[in-house]
Amino acid sequence: MSAPTTARGIAAEVRSGARRAVDVVEEHLVRIEAHEGDVHAFNLVLADAARAQAAAIDEAVAAGRPPGPLAGVPVALKDNLCTRGIPTTCSSRILEGWKPPYDATVVQRLAAAGAVFVGKTNLDEFAMGSSTENSAFGPTANPHDLSRVPGGSSGGSAAAVAAGFAPLALGSDTGGSIRQPAALCGVVGAKPTYGLVSRYGLVAFASSLDQIGPFALDVADAALLLDVLAGPDRRDSTCLAETAPSASARLGEGVDGLRIGVVRELADAEGLSAEVRGRLTEAADALSAAGAKVAEVSIPAAVYGLSAYYLIAPAEASSNLARYDGVRYGLRAGRAAGTGDDPADVSAMYTQTRSAGFGAEVKRRIMLGTYALSAGYYDAYYGKAQQVRTLMVRDFEAAYRDFDVLLAPTAPGTAFELGAKTADPLTMYLNDVCTIPSNLVGHPAMSVPFGGGSDGLPLGVQVLAPALGEAVMFQVAAALEACAPPVPVSPMRGGSR
Amino acid sequence: MATMSARITTQDVAHVAQLARLELTEEELERFTGQLAAVLEHARDVEALDTAGVAPTAHPLPLRNVLRDDIVGPSLPRAEVLAAAPSVEADRFRVPRILGEAP
C-alpha cells in the first residue's frame with residue numbers, strides 16, 4: 001500500500017495523467033476497508049459513487065477537459081452537509097434515512113473542482129458535542145489510539161484525515177467543532193471568517209456561529225480546500241458578497257516582522273494542561289525566533305466566552321431544531337404497530353417524534369435554549385450573553401490594533417478516553433473554552449499540529465486572525481508548521497506508536 | 001426582571017420540555033435538572049460583568065436586508081420533496097388532526 005500524499009500532489013499527478021483518479025480512490029478505499037471497522041469515521045462509505053466520480057475525472061483528463069484544482073482528490077464530508085439523493089443524518093435518529101433533494105453549495109463546489117466523495121462522516125448529533133460520542137450511530141475512535149475520542153463534533157472528518165481515509169475533509173465549526181478534533185487527531189483544521197463560506201445545505205445548529213471549513217494533512221492543503229469553498233452564494237443571505245482574499249496568497253512568506261499576540265486569558269484558561277501551556281510557549285518562542293514580534297495580549301471578555309456561548313448556541317439551536325416535527329421529512333414516531341395509524345393529534349405526534357428522535361445532548365441543549373429564551377429569563381440569560389458578545393468584539397478590535405494575528409491553545413489537553421466525560425456535560429463543554437471566542441466574534445481561527453504530549457498523542461496550537469484575515473492566518477500557520485516538533489502519525493497512515 | 005440566582009427546578013425543566021415538545025421520564029427529569037443547573041451555575045459568572053449601556057450583538061456581521069429581483073426559477077421537484085415525507089396524500093403532507101374536529 002503506497003503512502004498517501006497531499007491533495008496538492010494527488011491533484012497535480014491526476015491532472016498530468018501521471019496517476020489515475022480511479023487508482024487514487026482505490027488506495028483510499030483499501031485503507032478504509034482495513035481500518036474503518038476500528039475507527040468508525042463514517043456513517044456511510046460511498047465506494048461505488050466515488051469510483052464513478054473518479055472514472056469521470058480520468059475521462060476529463062483523457063479528453064483534455066480541465067479536471068479542476070482538486071482533480072481526483074478523495075474528500076470526506078461531515079454528515080450534516082446535504083448531498084442530493086444520499087442519506088444525510090446529522091448522526092440523529094430523527095433524520096435517519098433522509099435523502100436531501102439538493103446538494104449543499106460546498107458539495108457542488110467540490111464536485112466542480114474535481115473532488116471525489118468517499119463518504120459521510122460521523123459527528124456528535126447535530127454537531128452538539130466535543131467527542132463524537134453523542135452520535136446515534138456510535139462513537140468514532142481516535143486513529144492514534146482507539147481507546148480515545150477523536151474530539152468533536154467533526155470527529156469523523158478529523159479521524160478520516162488522520163487515518164489516511166481521505167487527504168481532505170469538510171467539517172462545521174460552531175464553537176470549535178473543526179479545530180478541537182483537528183488538534184486531537186493531529187491534523188490541520190480551520191474555521192473561516194463567518195460568511196466566507198456558504199452555509200446553504202449545512203443543517204443548521206446555531207446560525208450566527210456555524211461555519212463550514214477544511215480539514216487537511218498540512219496547512220497548504222487546507223488553504224487550497226478553503227479557496228475552493230469560499231465565495232459569494234445568492235442562496236445564503238449571510239454569505240459575504242465580496243470576493244475573498246486567497247488563503248494561499250501568503251504561504252511561505254514567513255513571519256518576519258509580523259506582530260503576534262499570545263492571548264493571556266486563553267493561555268490561562270480553566271482546565272488547561274501544563275503540557276498544552278508548554279507547547280504554546282514553545283510555539284510563541286519558535287515564531288519569535290523566526291522573526292515575529294511576539295508579546296502577550298489581553299482579551300478580558302474571553303473569560304466569559306464559555307458562559308455566553310452556552311446560552312447563545314442552545315438558544316439558537318432550540319429555534320433551529322423546532323423544524324423536526326415529523327411532518328415534512330425524517331422520523332415520525334408514535335404510529336400504531338400493525339395499522340401504522342398516526343398518533344391521535346398533531347401535538348402528540350410532535351412530542352413523540354422529538355422525544356424518540358433526539359438524543360440526550362440535543363434535548364439538553366434544546367431545553368437550555370428554551371429556558372434562556374423563555375419569558376422572565378430572556379434578559380438575564382440571552383440578553384446578557386449578547387452583551388458579552390459585544391464586549392468580546394471590542395476586546396478583539398483593540399487587540400488587532402497592536403497585533404496581526406493571535407496565538408492560543410486549541411484544546412485543553414490531548415485526546416481523552418472514550419466515556420471519560422460523558423456523564424458530566426459541563427466538563428465536556430470546557431473542551432471548547434479556547435475555540436469559542438472566534439465563533440462569537442465571527443473571526444477566522446485554525447489549529448495547527450504542534451508536536452505531541454507525553455502520552456504520544458498529538459497537540460495543536462491555534463492561530464486567530466481578524467475578519468477576512470485568512471491570508472495572514474495561513475501564513476503564520478505555515479510558519480508554525482515548519483517549526484513544529486515532530487507530530488505523531490497514526491499507524492494507519494504509516495506512523496508508529 | 002428575573003436574575004440568575006434562582007436554581008432551576010424540576011418544575012422549570014418540565015415546563016421547558018413541554019414548550020419544546022419533549023417528553024421526559026421521571027429519571028430524565030431529575031438528571032437533566034441537575035445537569036442544566038450545573039451549566040446555568042457556570043453561566044452565572046457573566047452576572048458580575050457590568051454591561052450597562054452595552055448594546056447586544058446577535059450576529060457577527062452587520063446584517064442588512066438582501067434584496068434581489070423577483071425572477072421565476074425552478075423549485076425543488078415536488079415528487080422528490082414529497083418522497084422524503086413520512087406521510088403524503090394528494091400531493092400534500094398528511095398529518096394527524098390539528099384541532100379537536102371530527103375526523
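## A helix on the inside

Let's start with α16(A): 10 of its 14 residues are buried, so this helix is largely enclosed by the rest of the structure. Bear in mind that the model is a predicted one. The buried set consists of A:Glu470, A:Val472, A:Met473, A:Phe474, A:Gln475, A:Val476, A:Ala477, A:Ala478, A:Ala479 and A:Leu480.

As for its geometry, α16 of chain A runs over residues 470-483 and spans 20 Å from first C-alpha to last, close to the 20 Å expected at 1.5 Å a residue.

## The sheet

Chain A has an open sheet of 11 strands with mixed pairing, and the strand order is β1-β3-β2-β4-β6-β5-β10-β11-β9-β7-β8. At the edges stand β1 (42-45) and β8 (293-297) of chain A; each has a single partner strand, so one side of each lacks a neighbour in the sheet. On average, neighbouring strands are turned by 30° against each other, direction ignored.

For a closer look at one pairing, take β2 (residues 74-78) and β4 (residues 168-173) of chain A, which run in the parallel sense and share 3 bridges. Here A:Leu77 has A:Leu170 of β4(A) as its bridge partner. Elsewhere on the sheet, α13(A) lies across β7, β8 and β9 of chain A, at about 145° to β7(A).

## Where chain A meets chain B

Contacts between the chains involve 58 residues of chain A and 48 residues of chain B. On the chain A side, the elements giving two or more residues are α10 (305-320), α11, α12 (360-373), α13 (379-402) and α14 (425-429). The most comes from α13(A), with 13 residues. By class, this side of chain A has 29 nonpolar, 17 polar and 12 charged residues.

One of these elements, α11 of chain A, covers residues 346-357 and reaches 16 Å from end to end by C-alpha, close to the 16 Å expected. Its buried residues are A:Met349, A:Tyr350, A:Thr351, A:Gln352, A:Thr353, A:Arg354 and A:Gly357.

## Two crossing helices

The axes of α10(A) and α12(A) are 7 Å apart, and the helices pack at an angle of about 100°. That makes α10(A) roughly perpendicular to α12(A). Among the residues making the contact are A:Leu311, A:Pro314 and A:Ala315 from α10(A), and A:Ile366, A:Leu368 and A:Leu373 from α12(A). Sorted by class, this contact has 8 nonpolar, 3 polar and 2 charged residues.

Notes. Residues numbered from 1 in each chain as written. Chains lettered and ligands numbered in written order. Predicted model: local features only at pLDDT ≥ 70, side-chain atom pairs only at ≥ 80, totals over all residues. Helix = DSSP H or I, 4+ residues; strand = E, 2+ residues; numbered from the N terminus. Expected span 1.5 Å × (residues − 1). Buried ≥ 20, exposed ≤ 12 C-beta atoms within 10 Å, placed from the backbone. Contact = placed C-beta atoms within 7 Å. Nonpolar A, V, L, I, M, F, W, Y, C, P; charged D, E, K, R; others polar. Axes fitted to C-alpha atoms, helices over the stretch in contact; angles between N-to-C directions. Parallel < 35°, antiparallel > 145°, perpendicular 65-115°, else oblique. Pairing = 2+ DSSP bridges.
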